[in-house]
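Hi there,

Here is the structure I promised to pass on to you. Have a look at it first, and then read my notes below.

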Amino acid sequence: MTLNLYSLNMDKGLHYEAIVTTQNEDGTPNAAPMGVICKGPDQVVLRLHEGSHTIANVKREKKFYVNLSRDPLLFTYSLISNPPSTEFKKEKHGFSLKNADASFFGQVHHEKKVEKKDAMGENVTLMFHSQVQDIKQYKTESEPLNRAICGIIEALVNLSRVKRAPVEKKKEYTDRMKEISRVVNRVGGVEHKEAIELIKKEFEIRVKG
Ligand SMILES: Cc1cc2nc3c(=O)[nH]c(=O)nc-3n(C[C@H](O)[C@H](O)[C@H](O)COP(=O)(O)O)c2cc1C
């Protein structure tokens, strides 16, 4: 059977959290948590901010590996520095991670610069539109990580607590709800967005009550 991104339970238009592995200029491997947008059965987009090793490597080499995982330590090591060198596996075009649930290779075919102003100020990102090849699935029941469901659960916990929260805590809950809603609307699918709208409406009622 030929694998594609849909076989890895990825859906078109959704944004997943993964670990992107690239090769540094000196040939050593680099890993970092990154969002990966699924654009079709064999197309993804990376949206990278300036300043990381990953963006420098992807700009120079036009290639990367995406590793799907739900391992908290793998994500943490990848953000703080790198996983131990024994975690990397040499591949034809660079490196992947040995203990990933699934991995695939991305070949950049198109780049676009996007400049936006947001809460963090002037925000410049590069969108790397890429062709996916060499999909490997190591764990058959693997689910790619999408933050929207985590957001929905956090929002529901917020909702269930807000009525009995003291007045000074209600502002904190309201701010948290705004941030969760922003994330869910950015990374979620239709049902996540429908759910967060329902939660927000109910929150408005309960926060006043
Ligand atoms: C879950 C998660 C998702 C992230 N997604 C992105 C992203 O899509 N683009 C980006 O530029 N940085 C993203 N980051 C931040 C990078 O992981 C972070 O800047 C990292 O230090 C870069 O490492 P590097 O210098 O080894 O590439 C994300 C971080 C986390 C924890």
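A backbone N or O atom of Arg 47 sits 2.8 Å from a nitrogen atom of the ligand, which is a polar contact (a pair of N or O atoms within 3.5 Å; within protein, one must be able to donate a hydrogen and the other to accept it, and residues adjacent in sequence count only if both atoms are side-chain atoms). Taken alone, the ligand exposes 640 Å², and the protein buries 71% of that; these accessible areas come from the Shrake-Rupley method with a 1.4 Å probe. A polar side-chain atom of Asn 30 lies 3.0 Å from a ligand oxygen, and a polar backbone atom of Gly 35 is 3.0 Å from an oxygen atom of the ligand.

Before you go further, please note that this is a predicted model, where local features need pLDDT of at least 70, side-chain atom pairs count only at pLDDT 80 or more, and totals for chains, interfaces and linings use all residues. Residues are numbered from 1 along each chain as its sequence is written, and side-chain values use heavy atoms, with hydrogens and water left out.

Now the wider surroundings of the ligand. It is surrounded by 14 residues, and among the closest are Pro 33, His 49 and Thr 54; a residue counts as near if one of its heavy atoms lies within 4 Å. Strand 2 (29–40), strand 3 (43–49) and helix 1 (53–61) each give at least two residues to this shell, and strand 2 provides the largest share, 6 residues. Helices (H or I, at least four residues) and strands (E, at least two) are DSSP runs, numbered from the N terminus.

Finally, the whole chain. It has 5 helices and 8 strands. An automatic or database assignment gives domain 1 (5–137) and domain 2 (147–208), with C-alpha centres 29 Å apart. In the contacts between them (heavy atoms within 4.5 Å), 4 residues of domain 1 meet 6 residues of domain 2. Leu 14, His 15 and Glu 17 supply 89% of the area that domain 1 buries against domain 2; buried area is the accessible area (1.4 Å probe) that two parts lose on being put together, summed over both.

Enjoy exploring!
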